[in-house]
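Thanks for making the time, everyone.

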Amino acid sequence: MATINDNYLKLKAGYLFPEIARRVNAFADANPEANIIRLGIGDVTEPLPQACRTAMIAAVEEMGDRATFKGYGPEQGYAWLREKIATHDFQARGCDVDASEIFISDGSKCDTGNILDIFGNDNAIAVTDPVYPVYVDTNVMAGHTGEINDKGEYAGLVYLPITAENHFTAKIPTEKVDLIYLCFPNNPTGATASKEHLKAWVDYAKAHNSIIFFDAAYEAYITDPELPHSIYEIEGARDCAIEFRSFSKNAGFTGTRCALTVVPKSLTAKAADGSDVELWKLWNRRQSTKFNGVSYIVQRGAEAVYSDEGQAQIKALVSFYLENAKIIREQLTAAGIAVYGGVNAPYVWVQTPNNLSSWDFFDKLLHTCHVVGTPGSGFGAAGEGYFRISAFNSRENVEAAMKRITEKFKV
């Protein structure tokens, strides 16, 4: 008889976003006249930049000519895209990242889960709380945790609470951990990390031979020149960090799918016999075996991001969503609601008014304002009493949603 991976049975009944969808769909079915504004899932709404569309159309035409047709591409990604990424995103900021260390993929969500393929099952793993659920759930699926407790915490994980008191940047743990998930600008809180804070993490990782998984999916939203966009801006990070990036939130590729992972060739971890093994080689083997690469058409669209036109267009896109975040932050603050984030990030982290629980506020917002956000408790126990509102929507919808919320919840 075939058996299953029992680790899946440890997962909570529903992934956060499907549970949100279930509740919203039930409400919509019962109230078909309701105009629901969705500020929950961080999906972009504005069209792909013209430069990307033009490049992708040209690539489609190439596929119609035998002389320029492309079949299987290199699993690691085309060199012309990786070289532009290395030059513009890393070397321009003083980061020692070579194009050969960049792997093009179909999403950083996929990569942050798939990276576990090359690591052992006996690592001590640290996550922030609240946390992007994918980091936790993929470790549960891989068998790296025990059962879940009443607070929603899995045995075997080290949880690092991030709160208003510590400015939503986790304290360095006192115990030794092997794998560390960091996300800045942070999803869900919108918090950012200074160079000093990241330096403390790099120093810790090097002292304990740990590996940092650094998710920089929202780095394009950093406008403060003092804040780092990449962990490789920190001295020593090449020896302890893997970085994940995405074209989803800067260029609108959520439905087009293109991202990248940087694995420095100097980065190593221990084999069972105690020897050092280069992680680049393992990740290259993993990708070559399980992945056939991102389509040529999509990679040409991503390449266009680095043209002069593309740079101007994605800057305009990011500025548009940041203005949405500003509207959300300022209007909720004026209504007396405590908010965090939304300055160098597209998310606003809201303290629920009137001591409502995260899910109670979700339901109240849905039923009285017809607005959807994300309950903070869905990101972890420390997220209880908070709520994430996304700036990814049209200006009209953002302004309408804030009007509804501030009228109903003015403190």
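**Annotated positions and local geometry**

K109 is placed in helix 4, which spans residues 108–114, where helices (H or I, at least four residues) and strands (E, at least two) are DSSP runs numbered from the N terminus. Before I go further, please keep in mind that this is a predicted model, in which local features need pLDDT of at least 70 and side-chain atom pairs count only at pLDDT 80 or more, while totals for chains, interfaces and linings use all residues. Residues are numbered from 1 along each chain as its sequence is written, and side-chain values use heavy atoms, with hydrogens and water left out.

Back to K109, which has a relative accessibility of 43% and counts as partly exposed; buried here means under 20% relative accessible area, exposed means over 50%, and partly exposed is in between, with a 1.4 Å probe and protein chains only.

Turning to backbone phi, R257 is not a glycine, yet its phi is positive, about 70 degrees. R257 lies in the loop between helix 7 (248–251) and strand 8 (259–262) and is partly exposed, at 28% relative accessible area. N354, likewise a residue other than glycine, has a positive phi near 60 degrees; N354 is in the loop between strand 12 (347–351) and helix 11 (358–369), and counts as exposed at 60% relative accessibility.

Now the cysteines: how many disulfides does a search of the whole structure find? The search finds 0, a disulfide being a pair of cysteine sulfur atoms within 2.5 Å. For C110, the nearest cysteine sulfur is that of C258, 11 Å away, and C110 is partly exposed at 30%. For C183, the closest cysteine sulfur is in C110, at 16 Å, which is too far for a bond, and C183 is buried at 5% relative accessible area.

Finally, helix packing. Two packed helices are described by the angle between their axes and the distance between the axes. Helix 10 (residues 308–334) and helix 12 (residues 395–409) pack at about 10 degrees with axes 10 Å apart; the axes are lines fitted to C-alpha atoms, for helices over the stretch in contact, and angles run from 0 to 180 degrees between N-to-C directions. Helix 10 and helix 12 are therefore roughly parallel, the label for angles under 35 degrees, whereas over 145 is roughly antiparallel, 65 to 115 roughly perpendicular, and the rest oblique. Residues of helix 10 including F320, I327 and L332 meet residues of helix 12, among them V398, M402 and I405, with contact meaning heavy atoms within 4.5 Å.
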